[in-house]
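Please look over the sequence and the model shown here before reading on. The paragraphs below go from the sheets to the chain as a whole, and then to single residues.

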Amino acid sequence: MQHHDDVFINGRWIASASTARTEVVNPATEETWASVPDGDERDIDAAVAAARSAFPGWAAARPTERAGHLRRLADEVESRVTEFSRVITTENGTPVAESGAAPGHSAAHLRLTADLAATLEAPDDRPNPMAPGHTVVRRVPVGVAGLITPWNFPLGLIIIKLGPALLAGCTVVIKPAPETPMATRLLMDAVSAAGIPDGVVNLVTGSTRAGNALVEHPDVDKISFTGSTPVGRAIARRCGERLRPVTLELGGKSPAIVLDDFDPDTLARNLLKVSMRNTGQTCKACTRLLVPEHRHDEIASLAADLVAAAPMGDPFDPATFFGPLVSARQRDRVAGYLSTAHAEGAKAATGGEVSTRFDRGFYVEPTVFSHVTPDMTIAREEIFGPVLSVVGYRDIDDAVAIANDSDYGLAATVFGADEDRATSVAQRLATGNVGINHYGSNAAAPFGGHKDSGLGTEFGLEGLAAYLQFTSIHYQS
(Lines give C-alpha, C1' and ligand atoms only; values in the text may rest on other atoms or scores of the structure.)
Protein backbone atom coordinates (compact mmCIF):
# COMPACT_ATOMS: atom_id res chain seq x y z
CA MET A 1 0.00 0.00 0.00
CA GLN A 2 1.41 3.36 -1.06
CA HIS A 3 0.30 6.43 0.91
CA HIS A 4 1.19 9.81 -0.53
CA ASP A 5 0.43 13.11 1.18
CA ASP A 6 2.14 15.42 -1.30
CA VAL A 7 1.65 17.29 -4.55
CA PHE A 8 4.33 18.41 -7.02
CA ILE A 9 4.73 22.18 -6.96
CA ASN A 10 7.68 24.38 -7.92
CA GLY A 11 9.96 21.45 -8.66
CA ARG A 12 9.48 19.45 -5.47
CA TRP A 13 7.01 17.31 -3.57
CA ILE A 14 5.31 19.32 -0.82
CA ALA A 15 2.58 18.45 1.66
CA SER A 16 -0.90 18.96 0.28
CA ALA A 17 -3.01 21.60 2.00
CA SER A 18 -5.96 19.22 1.75
CA THR A 19 -6.56 16.51 4.34
CA ALA A 20 -8.93 14.63 2.01
CA ARG A 21 -7.57 11.57 0.22
CA THR A 22 -8.38 9.65 -2.95
CA GLU A 23 -7.94 5.88 -2.92
CA VAL A 24 -6.56 4.14 -5.99
CA VAL A 25 -8.14 0.75 -6.71
CA ASN A 26 -6.71 -2.05 -8.85
CA PRO A 27 -9.63 -2.88 -11.17
CA ALA A 28 -8.47 -6.45 -11.70
CA THR A 29 -8.32 -7.33 -8.00
CA GLU A 30 -10.59 -4.65 -6.47
CA GLU A 31 -7.87 -3.97 -3.91
CA THR A 32 -6.91 -0.48 -2.80
CA TRP A 33 -3.18 -0.18 -3.42
CA ALA A 34 -2.47 3.55 -3.12
CA SER A 35 -3.85 6.83 -1.85
CA VAL A 36 -3.08 10.39 -2.89
CA PRO A 37 -4.26 13.86 -1.87
CA ASP A 38 -7.67 14.98 -3.04
CA GLY A 39 -6.39 18.47 -3.72
CA ASP A 40 -8.39 21.62 -3.13
CA GLU A 41 -8.33 25.32 -3.98
CA ARG A 42 -5.27 25.95 -1.80
CA ASP A 43 -3.21 23.38 -3.69
CA ILE A 44 -4.35 24.80 -7.02
CA ASP A 45 -3.49 28.32 -5.85
CA ALA A 46 0.02 27.24 -4.92
CA ALA A 47 0.53 25.36 -8.19
CA VAL A 48 -0.72 28.24 -10.33
CA ALA A 49 1.43 30.70 -8.41
CA ALA A 50 4.50 28.55 -9.07
CA ALA A 51 3.64 28.29 -12.77
CA ARG A 52 3.05 32.03 -12.98
CA SER A 53 6.39 32.78 -11.31
CA ALA A 54 8.25 30.41 -13.65
CA PHE A 55 6.53 31.67 -16.79
CA PRO A 56 8.70 34.70 -17.69
CA GLY A 57 11.95 32.76 -17.61
CA TRP A 58 10.57 29.75 -19.48
CA ALA A 59 8.88 31.92 -22.11
CA ALA A 60 12.12 33.86 -22.64
CA ALA A 61 14.13 30.72 -23.37
CA ARG A 62 14.79 29.97 -27.02
CA PRO A 63 12.47 27.35 -28.52
CA THR A 64 15.48 25.14 -29.27
CA GLU A 65 16.41 25.26 -25.58
CA ARG A 66 12.90 24.22 -24.58
CA ALA A 67 13.07 21.48 -27.21
CA GLY A 68 16.20 20.15 -25.55
CA HIS A 69 14.26 19.74 -22.31
CA LEU A 70 11.55 17.83 -24.18
CA ARG A 71 14.12 15.47 -25.64
CA ARG A 72 15.62 14.85 -22.21
CA LEU A 73 12.13 14.24 -20.83
CA ALA A 74 11.54 11.73 -23.64
CA ASP A 75 14.69 9.88 -22.59
CA GLU A 76 13.59 9.84 -18.95
CA VAL A 77 10.12 8.55 -19.83
CA GLU A 78 11.56 5.83 -22.03
CA SER A 79 14.01 4.75 -19.33
CA ARG A 80 11.03 4.05 -17.04
CA VAL A 81 9.11 1.82 -19.45
CA THR A 82 8.77 -1.10 -17.04
CA GLU A 83 7.67 1.07 -14.15
CA PHE A 84 5.18 3.07 -16.22
CA SER A 85 3.68 -0.10 -17.67
CA ARG A 86 3.26 -1.64 -14.23
CA VAL A 87 1.67 1.47 -12.75
CA ILE A 88 -0.73 2.06 -15.66
CA THR A 89 -1.93 -1.54 -15.66
CA THR A 90 -2.32 -1.58 -11.89
CA GLU A 91 -4.30 1.65 -11.66
CA ASN A 92 -6.63 1.31 -14.64
CA GLY A 93 -6.50 -2.28 -15.85
CA THR A 94 -5.02 -1.57 -19.27
CA PRO A 95 -3.59 -4.84 -20.63
CA VAL A 96 0.19 -4.83 -20.37
CA ALA A 97 0.56 -5.29 -24.13
CA GLU A 98 -0.98 -1.80 -24.42
CA SER A 99 0.55 -0.16 -21.36
CA GLY A 100 4.01 -1.46 -22.25
CA ALA A 101 3.92 0.55 -25.47
CA ALA A 102 2.73 3.77 -23.81
CA PRO A 103 6.15 5.10 -22.69
CA GLY A 104 7.68 4.58 -26.12
CA HIS A 105 4.77 6.29 -27.85
CA SER A 106 4.91 9.15 -25.36
CA ALA A 107 8.64 9.61 -25.87
CA ALA A 108 8.13 9.65 -29.63
CA HIS A 109 5.47 12.36 -29.27
CA LEU A 110 7.82 14.48 -27.19
CA ARG A 111 10.62 14.16 -29.73
CA LEU A 112 8.33 14.94 -32.67
CA THR A 113 7.07 17.99 -30.81
CA ALA A 114 10.63 19.09 -30.09
CA ASP A 115 11.34 18.92 -33.81
CA LEU A 116 8.84 21.76 -34.32
CA ALA A 117 11.11 24.22 -32.49
CA ALA A 118 12.54 25.48 -35.76
CA THR A 119 9.11 26.71 -36.84
CA LEU A 120 8.99 28.95 -33.76
CA GLU A 121 12.46 30.37 -34.38
CA ALA A 122 11.98 31.03 -38.07
CA PRO A 123 11.33 34.73 -38.78
CA ASP A 124 7.80 35.57 -39.91
CA ASP A 125 8.09 38.81 -41.86
CA ARG A 126 5.18 39.52 -44.19
CA PRO A 127 4.99 42.25 -46.82
CA ASN A 128 1.88 44.41 -46.75
CA PRO A 129 0.00 43.76 -50.02
CA MET A 130 -2.20 46.85 -49.63
CA ALA A 131 0.31 49.57 -48.67
CA PRO A 132 4.02 50.24 -48.28
CA GLY A 133 5.70 48.44 -45.43
CA HIS A 134 5.76 45.03 -43.81
CA THR A 135 4.69 43.23 -40.64
CA VAL A 136 6.65 41.05 -38.26
CA VAL A 137 4.40 38.43 -36.66
CA ARG A 138 5.48 37.31 -33.20
CA ARG A 139 4.29 33.99 -31.82
CA VAL A 140 4.18 34.16 -28.03
CA PRO A 141 3.02 31.62 -25.44
CA VAL A 142 -0.49 31.94 -24.05
CA GLY A 143 0.78 31.78 -20.45
CA VAL A 144 -0.16 29.35 -17.69
CA ALA A 145 -2.01 26.30 -19.06
CA GLY A 146 -4.24 24.00 -17.04
CA LEU A 147 -4.14 20.43 -18.37
CA ILE A 148 -7.01 18.17 -17.26
CA THR A 149 -6.83 14.55 -18.39
CA PRO A 150 -8.96 11.38 -18.14
CA TRP A 151 -8.19 7.92 -16.84
CA ASN A 152 -8.18 5.76 -19.98
CA PHE A 153 -4.65 6.65 -21.20
CA PRO A 154 -3.09 8.21 -18.10
CA LEU A 155 0.34 8.86 -19.61
CA GLY A 156 -0.22 9.45 -23.31
CA LEU A 157 -3.09 11.90 -22.95
CA ILE A 158 -0.98 14.09 -20.68
CA ILE A 159 2.06 13.96 -22.96
CA ILE A 160 0.17 15.13 -26.06
CA LYS A 161 -0.81 18.27 -24.13
CA LEU A 162 2.37 18.74 -22.12
CA GLY A 163 4.77 18.58 -25.07
CA PRO A 164 3.30 21.39 -27.19
CA ALA A 165 2.50 23.53 -24.14
CA LEU A 166 6.13 23.42 -23.00
CA LEU A 167 7.58 23.95 -26.46
CA ALA A 168 5.32 26.98 -26.97
CA GLY A 169 6.71 28.48 -23.76
CA CYS A 170 3.76 27.88 -21.47
CA THR A 171 4.07 26.68 -17.90
CA VAL A 172 1.51 24.15 -16.73
CA VAL A 173 -0.58 22.75 -13.92
CA ILE A 174 -1.71 19.15 -14.47
CA LYS A 175 -4.85 17.72 -12.88
CA PRO A 176 -5.18 14.01 -13.76
CA ALA A 177 -8.27 11.85 -13.29
CA PRO A 178 -8.82 10.72 -9.69
CA GLU A 179 -8.86 7.06 -10.78
CA THR A 180 -5.34 7.20 -12.25
CA PRO A 181 -2.98 9.59 -10.46
CA MET A 182 0.00 7.29 -10.08
CA ALA A 183 1.35 7.39 -13.65
CA THR A 184 1.31 11.19 -13.44
CA ARG A 185 3.28 11.09 -10.19
CA LEU A 186 5.86 8.93 -11.92
CA LEU A 187 5.94 11.42 -14.78
CA MET A 188 6.91 14.16 -12.31
CA ASP A 189 9.97 12.12 -11.34
CA ALA A 190 10.90 12.09 -15.03
CA VAL A 191 10.30 15.85 -15.23
CA SER A 192 12.72 16.42 -12.35
CA ALA A 193 15.34 14.11 -13.80
CA ALA A 194 15.09 15.89 -17.16
CA GLY A 195 16.11 19.15 -15.49
CA ILE A 196 12.99 21.10 -16.41
CA PRO A 197 13.15 24.30 -14.35
CA ASP A 198 11.22 24.54 -11.10
CA GLY A 199 7.63 25.68 -11.45
CA VAL A 200 7.35 24.95 -15.16
CA VAL A 201 5.45 21.70 -14.56
CA ASN A 202 3.19 21.26 -11.53
CA LEU A 203 0.83 18.48 -10.45
CA VAL A 204 -2.22 18.53 -8.19
CA THR A 205 -4.11 15.26 -7.82
CA GLY A 206 -7.78 15.42 -6.97
CA SER A 207 -11.35 15.21 -8.13
CA THR A 208 -13.97 17.70 -9.30
CA ARG A 209 -13.11 20.29 -6.67
CA ALA A 210 -9.52 20.60 -7.86
CA GLY A 211 -10.58 20.58 -11.51
CA ASN A 212 -13.11 23.35 -10.96
CA ALA A 213 -10.57 25.43 -9.07
CA LEU A 214 -8.11 25.12 -11.95
CA VAL A 215 -10.69 26.03 -14.60
CA GLU A 216 -11.90 29.05 -12.65
CA HIS A 217 -8.53 30.32 -11.44
CA PRO A 218 -7.97 33.93 -12.57
CA ASP A 219 -4.25 33.36 -13.23
CA VAL A 220 -4.78 30.45 -15.64
CA ASP A 221 -4.63 31.58 -19.28
CA LYS A 222 -5.57 28.39 -21.14
CA ILE A 223 -7.40 25.13 -20.43
CA SER A 224 -6.92 21.88 -22.31
CA PHE A 225 -9.37 19.15 -21.34
CA THR A 226 -9.93 15.60 -22.50
CA GLY A 227 -13.00 13.83 -21.17
CA SER A 228 -16.76 13.57 -21.47
CA THR A 229 -18.88 15.92 -23.53
CA PRO A 230 -21.09 17.05 -20.59
CA VAL A 231 -18.05 18.06 -18.54
CA GLY A 232 -16.51 19.67 -21.62
CA ARG A 233 -19.61 21.80 -22.10
CA ALA A 234 -19.39 23.02 -18.50
CA ILE A 235 -15.71 23.90 -18.91
CA ALA A 236 -16.44 25.68 -22.19
CA ARG A 237 -19.08 27.84 -20.51
CA ARG A 238 -16.67 28.87 -17.77
CA CYS A 239 -13.86 29.60 -20.20
CA GLY A 240 -16.26 31.53 -22.40
CA GLU A 241 -17.20 33.81 -19.54
CA ARG A 242 -13.51 34.62 -19.02
CA LEU A 243 -12.70 34.78 -22.76
CA ARG A 244 -10.08 32.13 -22.03
CA PRO A 245 -8.91 29.85 -24.85
CA VAL A 246 -9.86 26.21 -24.43
CA THR A 247 -9.14 22.96 -26.23
CA LEU A 248 -11.70 20.20 -25.73
CA GLU A 249 -11.21 16.60 -26.85
CA LEU A 250 -14.51 14.99 -25.96
CA GLY A 251 -16.65 11.94 -26.63
CA GLY A 252 -17.35 9.91 -29.70
CA LYS A 253 -19.73 7.39 -31.23
CA SER A 254 -17.67 6.65 -34.26
CA PRO A 255 -18.69 4.51 -37.25
CA ALA A 256 -16.74 1.88 -39.14
CA ILE A 257 -18.27 1.50 -42.59
CA VAL A 258 -17.71 -1.86 -44.27
CA LEU A 259 -18.13 -1.54 -48.03
CA ASP A 260 -19.34 -4.49 -50.04
CA ASP A 261 -15.90 -5.05 -51.58
CA PHE A 262 -14.11 -5.27 -48.20
CA ASP A 263 -11.30 -7.75 -47.70
CA PRO A 264 -12.23 -10.14 -44.84
CA ASP A 265 -8.59 -10.63 -43.84
CA THR A 266 -8.02 -6.87 -43.55
CA LEU A 267 -11.17 -6.48 -41.47
CA ALA A 268 -10.15 -9.38 -39.23
CA ARG A 269 -6.65 -7.94 -38.66
CA ASN A 270 -7.90 -4.48 -37.73
CA LEU A 271 -11.37 -4.71 -36.22
CA LEU A 272 -10.36 -5.23 -32.59
CA LYS A 273 -7.99 -2.26 -32.58
CA VAL A 274 -10.47 -0.12 -34.50
CA SER A 275 -13.41 -0.86 -32.23
CA MET A 276 -12.27 -2.25 -28.87
CA ARG A 277 -8.78 -1.02 -28.05
CA ASN A 278 -8.14 -0.69 -24.30
CA THR A 279 -11.22 -2.84 -23.57
CA GLY A 280 -13.35 -0.35 -25.49
CA GLN A 281 -12.33 2.53 -23.23
CA THR A 282 -11.11 4.72 -26.08
CA CYS A 283 -12.78 7.94 -27.24
CA LYS A 284 -12.05 7.31 -30.92
CA ALA A 285 -13.26 3.68 -30.89
CA CYS A 286 -15.45 2.90 -33.90
CA THR A 287 -18.25 1.13 -32.03
CA ARG A 288 -20.87 1.32 -34.80
CA LEU A 289 -20.08 -1.28 -37.47
CA LEU A 290 -22.12 -0.29 -40.53
CA VAL A 291 -22.48 -3.19 -42.99
CA PRO A 292 -24.42 -3.93 -46.20
CA GLU A 293 -27.81 -5.37 -45.26
CA HIS A 294 -27.38 -8.38 -47.52
CA ARG A 295 -24.13 -9.29 -45.71
CA HIS A 296 -25.24 -8.38 -42.18
CA ASP A 297 -25.30 -11.90 -40.73
CA GLU A 298 -22.00 -12.85 -42.36
CA ILE A 299 -20.12 -9.81 -41.03
CA ALA A 300 -21.80 -9.93 -37.61
CA SER A 301 -20.69 -13.55 -37.28
CA LEU A 302 -17.14 -12.64 -38.31
CA ALA A 303 -17.03 -9.84 -35.74
CA ALA A 304 -18.47 -12.06 -33.01
CA ASP A 305 -15.90 -14.78 -33.71
CA LEU A 306 -13.03 -12.27 -33.54
CA VAL A 307 -14.24 -10.75 -30.29
CA ALA A 308 -15.01 -14.09 -28.64
CA ALA A 309 -11.57 -15.43 -29.54
CA ALA A 310 -9.66 -12.46 -28.09
CA PRO A 311 -8.27 -13.41 -24.65
CA MET A 312 -9.81 -11.74 -21.61
CA GLY A 313 -8.35 -11.92 -18.12
CA ASP A 314 -5.36 -10.83 -16.08
CA PRO A 315 -4.14 -7.54 -17.57
CA PHE A 316 -0.56 -8.47 -16.64
CA ASP A 317 -0.71 -11.47 -18.97
CA PRO A 318 0.90 -10.35 -22.26
CA ALA A 319 -1.66 -12.41 -24.19
CA THR A 320 -4.65 -10.56 -22.71
CA PHE A 321 -6.56 -8.25 -25.03
CA PHE A 322 -9.59 -7.52 -22.83
CA GLY A 323 -8.90 -6.49 -19.25
CA PRO A 324 -11.26 -5.15 -16.58
CA LEU A 325 -13.02 -1.82 -16.82
CA VAL A 326 -11.46 0.94 -14.78
CA SER A 327 -13.95 0.93 -11.88
CA ALA A 328 -17.08 -0.62 -10.44
CA ARG A 329 -18.97 2.50 -11.52
CA GLN A 330 -17.83 2.10 -15.13
CA ARG A 331 -18.69 -1.62 -15.10
CA ASP A 332 -22.17 -0.83 -13.82
CA ARG A 333 -22.60 1.91 -16.41
CA VAL A 334 -21.74 -0.49 -19.23
CA ALA A 335 -23.99 -3.16 -17.71
CA GLY A 336 -26.85 -0.67 -17.88
CA TYR A 337 -26.30 -0.26 -21.62
CA LEU A 338 -26.28 -4.03 -22.08
CA SER A 339 -29.65 -4.29 -20.35
CA THR A 340 -31.04 -1.47 -22.46
CA ALA A 341 -29.82 -3.12 -25.65
CA HIS A 342 -31.56 -6.38 -24.80
CA ALA A 343 -34.76 -4.51 -23.92
CA GLU A 344 -34.73 -2.59 -27.21
CA GLY A 345 -34.37 -5.74 -29.30
CA ALA A 346 -30.66 -5.99 -30.13
CA LYS A 347 -29.30 -9.55 -30.38
CA ALA A 348 -26.08 -10.52 -28.60
CA ALA A 349 -23.98 -12.42 -31.12
CA THR A 350 -21.42 -12.86 -28.33
CA GLY A 351 -21.24 -11.60 -24.76
CA GLY A 352 -24.01 -9.29 -23.64
CA GLU A 353 -23.57 -9.47 -19.86
CA VAL A 354 -21.31 -8.74 -16.92
CA SER A 355 -18.65 -11.41 -16.76
CA THR A 356 -18.91 -14.23 -14.23
CA ARG A 357 -15.59 -15.83 -15.22
CA PHE A 358 -13.60 -14.25 -12.40
CA ASP A 359 -13.97 -14.06 -8.65
CA ARG A 360 -12.77 -10.47 -8.59
CA GLY A 361 -12.41 -7.56 -10.96
CA PHE A 362 -14.63 -5.18 -12.90
CA TYR A 363 -15.08 -7.37 -15.97
CA VAL A 364 -17.76 -7.18 -18.67
CA GLU A 365 -18.03 -9.81 -21.37
CA PRO A 366 -16.80 -8.39 -24.71
CA THR A 367 -19.98 -8.01 -26.71
CA VAL A 368 -21.16 -7.81 -30.29
CA PHE A 369 -24.81 -6.87 -30.81
CA SER A 370 -26.38 -7.62 -34.18
CA HIS A 371 -29.65 -6.33 -35.66
CA VAL A 372 -29.04 -2.92 -34.14
CA THR A 373 -31.08 -0.09 -35.60
CA PRO A 374 -29.77 3.49 -35.77
CA ASP A 375 -32.30 4.71 -33.21
CA MET A 376 -31.30 2.28 -30.46
CA THR A 377 -29.56 3.69 -27.41
CA ILE A 378 -26.41 1.64 -27.98
CA ALA A 379 -26.14 3.09 -31.49
CA ARG A 380 -26.38 6.68 -30.28
CA GLU A 381 -24.68 7.03 -26.89
CA GLU A 382 -21.03 6.56 -25.98
CA ILE A 383 -20.71 3.40 -23.88
CA PHE A 384 -16.95 3.37 -23.23
CA GLY A 385 -16.72 -0.37 -22.88
CA PRO A 386 -16.23 -3.50 -25.03
CA VAL A 387 -19.51 -3.25 -26.93
CA LEU A 388 -19.80 -3.25 -30.73
CA SER A 389 -23.09 -2.61 -32.55
CA VAL A 390 -23.65 -4.03 -36.05
CA VAL A 391 -26.02 -1.86 -38.10
CA GLY A 392 -27.22 -2.67 -41.62
CA TYR A 393 -27.39 -0.14 -44.46
CA ARG A 394 -29.08 -0.25 -47.89
CA ASP A 395 -26.54 1.58 -50.07
CA ILE A 396 -23.63 4.01 -49.79
CA ASP A 397 -25.85 7.04 -49.38
CA ASP A 398 -27.66 5.28 -46.55
CA ALA A 399 -24.37 4.29 -44.90
CA VAL A 400 -23.12 7.88 -45.00
CA ALA A 401 -26.42 9.18 -43.65
CA ILE A 402 -26.37 6.71 -40.74
CA ALA A 403 -22.72 7.49 -40.01
CA ASN A 404 -23.36 11.23 -39.94
CA ASP A 405 -26.59 10.95 -37.95
CA SER A 406 -24.81 11.41 -34.64
CA ASP A 407 -24.16 14.22 -32.20
CA TYR A 408 -20.50 13.21 -32.33
CA GLY A 409 -17.83 13.50 -35.02
CA LEU A 410 -14.51 12.31 -33.67
CA ALA A 411 -13.37 9.38 -35.80
CA ALA A 412 -14.35 6.86 -38.45
CA THR A 413 -13.00 3.98 -40.49
CA VAL A 414 -13.88 2.83 -43.98
CA PHE A 415 -13.10 -0.75 -45.00
CA GLY A 416 -12.96 -1.41 -48.75
CA ALA A 417 -10.65 -3.06 -51.26
CA ASP A 418 -10.85 -0.12 -53.68
CA GLU A 419 -8.94 2.61 -51.83
CA ASP A 420 -10.18 5.40 -54.10
CA ARG A 421 -13.79 4.37 -53.52
CA ALA A 422 -13.21 4.10 -49.76
CA THR A 423 -11.61 7.55 -49.79
CA SER A 424 -14.61 9.05 -51.58
CA VAL A 425 -16.81 7.71 -48.78
CA ALA A 426 -14.41 9.01 -46.13
CA GLN A 427 -14.61 12.50 -47.62
CA ARG A 428 -18.37 12.55 -47.03
CA LEU A 429 -18.13 11.85 -43.30
CA ALA A 430 -18.66 14.64 -40.77
CA THR A 431 -15.78 13.73 -38.54
CA GLY A 432 -12.30 14.90 -37.64
CA ASN A 433 -10.39 11.69 -38.36
CA VAL A 434 -10.91 8.84 -40.81
CA GLY A 435 -8.82 5.73 -41.37
CA ILE A 436 -8.86 3.70 -44.56
CA ASN A 437 -8.90 -0.02 -43.69
CA HIS A 438 -7.53 0.74 -40.22
CA TYR A 439 -7.67 3.41 -37.58
CA GLY A 440 -4.59 5.11 -36.30
CA SER A 441 -3.39 8.60 -35.58
CA ASN A 442 -0.49 10.57 -36.98
CA ALA A 443 1.41 12.74 -34.51
CA ALA A 444 2.23 15.16 -37.34
CA ALA A 445 -1.42 15.64 -38.38
CA PRO A 446 -4.18 17.45 -36.46
CA PHE A 447 -6.42 15.37 -34.21
CA GLY A 448 -9.73 16.88 -33.19
CA GLY A 449 -13.44 16.33 -33.27
CA HIS A 450 -16.41 17.90 -35.01
CA LYS A 451 -19.80 18.63 -33.46
CA ASP A 452 -20.10 17.42 -29.83
CA SER A 453 -16.68 15.75 -30.00
CA GLY A 454 -14.86 18.91 -29.11
CA LEU A 455 -13.22 22.20 -29.97
CA GLY A 456 -9.74 22.73 -31.34
CA THR A 457 -7.06 20.23 -32.24
CA GLU A 458 -4.06 18.43 -30.86
CA PHE A 459 -0.92 17.03 -32.58
CA GLY A 460 1.37 18.65 -35.09
CA LEU A 461 1.68 22.34 -35.87
CA GLU A 462 -2.02 22.85 -35.22
CA GLY A 463 -1.71 21.41 -31.72
CA LEU A 464 1.28 23.65 -31.03
CA ALA A 465 -0.66 26.72 -32.21
CA ALA A 466 -3.26 26.04 -29.51
CA TYR A 467 -0.72 27.24 -26.92
CA LEU A 468 0.34 30.37 -28.84
CA GLN A 469 -1.02 33.83 -29.38
CA PHE A 470 0.10 36.33 -31.98
CA THR A 471 1.33 39.90 -32.01
CA SER A 472 1.72 41.77 -35.32
CA ILE A 473 4.28 44.59 -35.39
CA HIS A 474 3.68 46.84 -38.40
CA TYR A 475 6.34 48.91 -40.19
CA GLN A 476 5.81 51.58 -42.87
CA SER A 477 8.98 50.77 -44.75
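Which strands form the open sheet with antiparallel pairing, and in what order? The order is S6-S7-S23, a sheet of 3 strands. This is a predicted model, in which local features need pLDDT of at least 70 and side-chain atom pairs count only at pLDDT 80 or more, while totals for chains, interfaces and linings use all residues. Residues are numbered from 1 along each chain as its sequence is written, and side-chain values use heavy atoms, with hydrogens and water left out.

Strands, here and below, are DSSP runs of E with at least two residues, and helices are runs of H or I with at least four; both are numbered from the N terminus. Two strands pair if DSSP finds at least two bridges between them. In general, strands of a sheet pair through backbone hydrogen bonds, either parallel or antiparallel.

S6 and strand S7 (residues 134–141) run antiparallel and are joined by 3 bridges. Arg126 has Thr135 in S7 as its bridge partner.

A second open sheet holds 7 strands in the order S15-S16-S17-S14-S13-S19-S20, with mixed pairing. Its edge strands, S15 and strand S20 (434–436), each pair on one side only. Here the twist averages 25° from one strand to the next. S15 and S16 run antiparallel, with 3 bridges between them, and Lys347 stands opposite Ser370 in S16. Helix H11 packs on this sheet and touches strand S13 (255–258), S14, S16, strand S17 (387–393) and strand S19 (412–415). Contact means heavy atoms within 4.5 Å. The direction of H11 makes about 170° with that of S19. Helix H12 (residues 296–309) also packs on the sheet, touching S13, S14, S15, S16 and S17. The direction of H12 makes about 170° with that of S16.

Now the chain as a whole. The protein chain has 16 helices and 23 strands. Its radius of gyration is 23 Å, which agrees with the value near 23 Å that a compact globule of 477 residues would have. That radius is taken over C-alpha atoms, and the globule rule is 2.2 Å times the number of residues to the power 0.38. Along the principal axes, the C-alpha atoms fill a box of roughly 65 × 65 × 40 Å. Of the 477 residues, 58% are buried; buried means under 20% relative accessible area, exposed means over 50%, and partly exposed is in between (1.4 Å probe, protein chains only). The chain exposes about 18,700 Å², of which carbon and sulfur atoms supply 51%. Among contacts with a separation of 6 or more, 73% are between residues 24 or more positions apart.

Thr287 sits in the loop between helix H11 (264–276) and strand S14 (288–292). Is this residue buried or exposed? Thr287 counts as buried because its relative accessibility is 9%. Apart from neighbours within four places in sequence, Thr287 contacts Lys253, Ser254, Ser275, Val387, Leu388 and Ser389.

How many salt bridges does a search of the whole structure find? The search finds 25, a salt bridge being a side-chain nitrogen of Lys or Arg within 4 Å of a carboxyl oxygen of Asp or Glu. One of them joins the side chains of Arg360 and Glu31 (3.1 Å, N to O). Arg360 lies in the loop between strand S15 (347–350) and strand S16 (367–372) and Glu31 in strand S5 (residues 31–37), so this pair ties together parts that are 329 residues apart in sequence. Arg360 is partly exposed at 44% relative accessibility, and Glu31 is partly exposed at 42%.

Glu298 forms a salt bridge with Arg295, with the closest N and O atoms 2.8 Å apart. Glu298 is partly exposed at 41%, whereas Arg295, at 18%, counts as buried. A salt bridge also links the side chains of Asp332 and Arg331 (3.1 Å, N to O); Asp332 is partly exposed, at 45%. Finally, Asp75, Glu78 and Arg111 are linked in a network of salt bridges.

Terms used
Axes are lines fitted to C-alpha atoms, for helices over the stretch in contact, and angles run from 0 to 180 degrees between N-to-C directions. Accessible areas come from the Shrake-Rupley method with a 1.4 Å probe; for residues, only the protein chains shown count as cover.
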